[in-house]
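Subject: Handover of a structure and notes on its contents

Dear colleague,

Please find below the structure that I am passing on to you. My notes on it follow, arranged by topic.

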Amino acid sequence: LAPGDPGGWSHLALALLRTGRPDAAGAGWRRALTLDPEHAASRWHRACLLLLHGRLAEGWREYEWRWAAFPGWARVVPGRRWSGEDPRGLTLLLTREQGLGDLVQFIRFAADLNARGARVLVEGPASLRRLLGNAPGVAGWVADGWENGGEDPPAFDRHAPLMSVPGLLGIDGVERIPAAVPYLRAEPERVERWRRRLGLHPGGGPDGRPGLRVGLVWRGSNGDRRSLPLAALEPLGRVPGLRLISLQKEEADPHPFDRAPAGLILERPGPGFDGGFDEGPDAFLDSAAVMTSLDLVLTVDTATAHLAGALGVPAWVMLHSPPEWRWLLGRDDTPWYPTLRLFRQTTPGDWAPVVARVADALAALAARSRPAHPAVADGSDVGPQRMRGALERA
């Protein structure tokens, strides 16, 4: 009806991408940009496609079109923006954008800037100060909302949106992504407290039974196509030697345990253990402590995946198709987080094969990590070194 409309071609391209045809989607966005080189939505979607293919140099440049594509994302920050010049001697304020997972993922670049001689301040929610404020290279934390009368930031020389930093640093290939983990750490006393509450010391649960201890998250806060219904995880209930502990936030999936399928037994550190899980003014501190004590985290693409990766915790991520650009295509690992393994949908929206592969891998892992001799069946042989070896073999 309107072959000269770039918006129509852009929407068609997005539909093609969502149905698993990224090459055809790229052709659609190129057609839109032939009609209108300034079409912001097409420029931004094409940026994500370039990043998905690992073409980082082009992708970061095009990613700057996000401000035109989504004007509501734009911020008015006083002072000069950092444009990639030598940061030596400068105090840089990295401003938060998008989701919590993005903040956890991109805060790693504070260490790179600090190594180049900058003093780095990071803006983010006050609730994340304790978790992220001690990340390598972070000299200070600025609670967001300061420009609207909130907490005044220290003086700074330049500012930059956090997700523009890799492009400004010249991270032009996946091999140049800084992947030194862990760059976040759980609080030791909190780790010990949750180990006692959940019986996560070597040897298994409160009743002394051994088992592969797996933290589980199946739904993100927005409940979009990255999430899957709890019922889809029913095959996990048939894996022997598996102890599932829910790390699911109830605000993302209210009253989820009322809908758990028969045979899928989930423990939870929240209401079932007198509450107190990630409650109070500081976010994710309890999640980090529990993750550190588990053998494995199994999650969908949400902030939990980024937190596990930043902590250096072994984690398996169940990915929708097509995934977000950061997970790339056609690989079961990620240059962002060396301890993560990816399980991808092959058909958009079909979680059953993903869960089946996960269940098989968990069964193999549980068998490999199980003590081989009755003499060590009390769990004395359960430990980080043996579990890490089992994960590497799996």
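**Helix 10 and its surroundings**

In helix 10 (residues 188-198), the buried residues are R190, V191, W194 and L198. Seen down the helix axis, these buried residues fall within an arc of 105 degrees, so they line one face of helix 10. Buried means under 20% relative accessible area, exposed over 50%, and partly exposed in between, with a 1.4 Å probe and protein chains only. Helices (H or I, at least four residues) and strands (E, at least two) are DSSP runs, numbered from the N terminus. The arc is taken over the directions from the helix axis to the C-beta atoms.

The model is a predicted one: local features need pLDDT of at least 70, side-chain atom pairs count only at pLDDT 80 or more, and totals for chains, interfaces and linings use all residues. Residues are numbered from 1 along each chain as its sequence is written, and side-chain values use heavy atoms, with hydrogens and water left out.

On the other side of helix 10, P188 and R196 are exposed. The buried residues of helix 10 pack against helix 8 (129-132), strand 7 and helix 11 (285-293), where contact means heavy atoms within 4.5 Å. Just after helix 10, G199 takes a positive phi of about 65 degrees.

**Salt bridges**

Side chains of opposite charge can pair when their charged atoms come close. The structure holds 24 salt bridges, each defined as a side-chain nitrogen of Lys or Arg within 4 Å of a carboxyl oxygen of Asp or Glu.

One of them joins E267 and R243, with the closest N and O atoms 2.6 Å apart. E267 lies in strand 8 (residues 266-267) and R243 in strand 7 (residues 242-246), so the pair ties together parts that are 24 residues apart in sequence. Both E267 and R243 are buried.

Another salt bridge links R66 and E64, at 3.1 Å from N to O. R66 is buried, with a relative accessible area of 0%, whereas E64 is partly exposed at 27%. R226 and D224 also form a salt bridge, their closest N and O atoms being 3.2 Å apart. Here R226 is buried at 17% relative accessibility, while D224 is partly exposed at 31%. R226 and D224 belong to a network of salt bridges that also includes D102, E324 and R326.

**Strands and a loop**

Strand 11 (residues 340-344) is mostly covered, 4 of its 5 residues being buried. Strand 11 runs parallel to strand 10 (residues 315-319), and 5 bridges join the two; strands pair if DSSP finds at least two bridges between them. Within this pairing, A315 stands opposite L340 in strand 11.

D152 is placed in the loop between strand 4 (138-143) and strand 5 (158-161). At 65% relative accessibility, D152 is exposed. The C-alpha atoms of D152 and V142 are separated by 7.8 Å, the two residues being 10 residues apart along the chain.

**Cavity**

A cavity is a set of points, on a 1 Å grid over the protein atoms alone, where a 1.4 Å probe fits but cannot get out; lining residues have an atom within 4 Å of a point. Grid points are joined across faces, edges and corners, and a volume is the space filled by probe spheres set on the points. The count comes to 1 cavity of 30 Å³ or more. The largest cavity holds about 40 Å³ of space, and its lining consists of L100, V104, L128, L131, F284, A303 and L307. Helix 6 (100-106) and helix 12 (303-311) are the elements that give two or more residues to this lining.

With kind regards

Conventions: On a 1 Å grid over the protein atoms alone, a cavity is a set of points where a 1.4 Å probe fits but cannot get out, and a pocket is an open set with protein on both sides within 12 Å along at least five of seven lines; lining residues have an atom within 4 Å of a point.
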